[in-house]
Amino acid sequence: MNPDTREVIAQSFTSVTRKRGRWAAQDRIPLGGLTVLAGIPGLGKSTATSMIAADITRGTSPGDLFGEPATVLAVSLEDGLEAVALGRFQAAGGDTARMFALVVEGGTIVLPDDVERIEALAVEHGARLVVVDPVTAALAHGLDAHRDTSVRGALAPLQAMSERCDLAVLLVMHLNKGESNKYLYRV
């Protein structure tokens, strides 16, 4: 749409109906939103993610999904599925019939290019959680991951998808150990 033809309006808050937040993991991972789990290597981010996914597949996640086993889709771009990811997930007691790895023959998932494909699979499988580990490996080639506007532009379609599908998106971000005083700013 041409920016000169868009209409901008002022919408009164009196016309907005407040919704109660819903959670995949109570007070930690919202349904209909993006969550970033960031930290230096070796802290157990991927293990924690496997535990969260396992809880969701079993219906034991403390939140609005409690008692409802659900599907999880995972983009695992660092750990091998057979050697690492499956073992972590099984050790966490997850239901392997409800856990799906998103793979691309001869390539990898790319954000934002593959959001429509991810959404179609989320709808098809009834997913309630999508995990991207690590998110920086999924960003489109040439995207400047150090520019806030570039990253926001790449993640905005993922956010919109999470709202449309009422699912949680958990993005794992690995930080370098050498820049400890800048972690918050790097995220």
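The structure is a predicted model, in which local features need pLDDT of at least 70 and side-chain atom pairs count only at pLDDT 80 or more, while totals for chains, interfaces and linings use all residues. Residues are numbered from 1 along each chain as its sequence is written, and side-chain values use heavy atoms, with hydrogens and water left out.

**Stop one: helix α5**

Select residues 148-165, which form helix α5; helices here are DSSP runs of H or I with at least four residues, strands are runs of E with at least two, and both are numbered from the N terminus. The 18 residues of α5 should span 26 Å at 1.5 Å a residue, and this agrees with the 25 Å between its end C-alpha atoms, the expected span being 1.5 Å times one less than the number of residues. At Leu155 the helix bends by about 35 degrees, with a proline, Pro157, following within four residues; the bend is the angle between axes fitted to the seven residues ending at a residue and the seven starting there.

Now colour the buried residues of α5, among them Val151, Leu155, Leu158 and Met161, where buried means under 20% relative accessible area, exposed over 50% and partly exposed in between, with a 1.4 Å probe and protein chains only. Their cover includes β3 (33-39), α3 (115-125), α4 (135-138) and β7 (168-174). Ala156, by contrast, counts as partly exposed because its relative accessibility is 42%.

Leaving aside residues up to four places away in sequence, Thr49 touches Leu37, Val131, Leu170 and Val172, a contact being heavy atoms within 4.5 Å.

**Stop three: the second largest pocket**

Finally, select Ala74, Leu81, Ala85, Leu86 and Met99, which lie nearest the centre of the second largest pocket among its 20 lining residues. A pocket is an open set of points, on a 1 Å grid over the protein atoms alone, where a 1.4 Å probe fits, with protein on both sides within 12 Å along at least five of seven lines, and lining residues have an atom within 4 Å of a point. Helix α2 gives the most to this lining, with six residues, and α1 (45-58), β4 (71-76), β5 (99-101) and β6 (127-133) are among the elements that each supply at least two.
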